[in-house]
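Subject: Structure handover

Hello,

Here is the structure I said I would pass on. My notes on what was found follow below it.

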Amino acid sequence: MGLSHGIGLVIKTIEFRRGIVEVNLDRPGVKNAIGWDMLRGLQHSLEAISRDSSANVLMIRSSVPKVFCAGADLKERKTMSSSEVQDFVNTLRSTFSYLEHLTNPQKVPQALCIPSIAVVEGAAFGGGLEMALSCDLRICGEDAVLSMPETGLAIIPGAGGTQRLPRLVGRSVAKELIFTGRKICGRDAVSMGLANYCVPSGEAHLKALEIAQSINQKGPLAIRLAKRAINEGFEVGLASALALEEECYEQLLNTKDRLEGLAAFAEKRKPKYVGE
C-alpha cells in the first residue's frame, strides 16, 4: 500500500513488517477532531485497506502529541442543521461498524475483516473513544485520558458508545461513565476491561507493534474468520453462535495455509502462510 495522505490522515504500510498497516490521525490544529472531510477520508482509507490482500493488521494511532482524538469537530457541527448533524452521526456510526466488522460480510464483502488496534496516547474523548471502542484491541499509554462527555452537551454518544461500552465494561459501569462524563486513565481502562494494556507514556505504539507482529505471523484466513466468529457470534444465541463457528471452521479445512501449518509443525519450522 505504501504511503498515502488524506484530510487529517496519513496511511502507511510498515515496510519492515509487511502486512501491518497504520492509519495516523493528523489534524493538529483541532486535536484530531473529526469533521466531514476527515470522516470521508477515514471511510475511503478503510475501504482501500479492506481491498488490500496483503494487509493483515490495522493500527490506528495519532501523529499529534498528547491526543488520540478529541471527538467530533464541534466548531464545524455548530454550522450544521439538525438534519446535517443526523447525517454526520449516522455516517460516523456506520464507519465505525465497518471498522468493527459488524456489517454482514456476505452483504458487504469489503467490510474490514482484519484485526484492528487502537493506539491511545493522550485524550480520547467522545467520538475518539468510540473509534477506539470499534477496534478489536486497545493499547493505552499511562497518559491516556478517556471520556464520554456527550451528556454535558445535552446529547448522548451516537456512534456506538452506548452499545459498545457496556459490552466491554458492563452496564452499570458504562452508565456511570456516560451519565457523568467521568474521565478515566489508562490503568483504570485496563482494570475495567476497556483496554487490553496500559504501558508507560510514549510506549503504546511499540506495544501495539509487538501485538500486531504476533498476529501477522498467524494464518491470515484463520484470523479473519476468528474475528467474524467472535463478533457475529456474540450478537446471537449460543446455538446459532456454535453453528457460525462450525461454518467458519469448515471454510479453513481445504486451505493451503492449514496444510502448511501442519507441515511446518511436523518439520519443526516456522510456517509460511500465503492467505490461501
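Which residue in β11 is the bridge partner of Cys140? The bridge partner is Cys198. Before the rest, two points on how to read this. The model is predicted, so local features need pLDDT of at least 70 and side-chain atom pairs count only at pLDDT 80 or more, while totals for chains, interfaces and linings use all residues. Residues are numbered from 1 along each chain as its sequence is written, and side-chain values use heavy atoms, with hydrogens and water left out.

The protein has 11 helices and 11 strands. Both are DSSP runs numbered from the N terminus: helices are H or I with at least four residues, and strands are E with at least two. Two strands pair if DSSP finds at least two bridges between them.

Strand β8 covers residues 137-141. Strand β11 (residues 197-199) pairs with β8 in the parallel sense over 3 bridges. Strand β6 (residues 116-120) also runs parallel to β8, joined by 4 bridges. Cys140 in β8 stands opposite Val120. Of the 5 residues of β8, 4 are buried, so the strand is largely enclosed by the rest of the structure. Buried means under 20% relative accessible area, with exposed over 50% and partly exposed in between (1.4 Å probe, protein chains only).

Another sheet and a covered helix

An open sheet of 4 strands has the order β5-β7-β9-β10, with mixed pairing. Its edge strands, β5 (67-69) and β10 (184-185), each pair on one side only. β5 pairs with strand β7 (residues 123-125) in the parallel sense, over 2 bridges, and Val67 is opposite Ala123 in β7.

Helix α4 (residues 127-134) is mostly covered, with 8 of its 8 residues buried. Among them are Glu130, Met131 and Ser134.

The whole protein

Buried residues make up 48% of the 276 residues. The radius of gyration, taken over C-alpha atoms, is compared with a globule rule of 2.2 Å times the number of residues to the power 0.38. A compact globule with 276 residues would have a value near 19 Å, and the protein has 19 Å, so the two agree. Along the principal axes, the C-alpha atoms fill a box of roughly 60 × 45 × 35 Å.

Contact means heavy atoms within 4.5 Å. Of the contacts between residues at least 6 apart in sequence, 65% join residues at least 24 apart.

Regards
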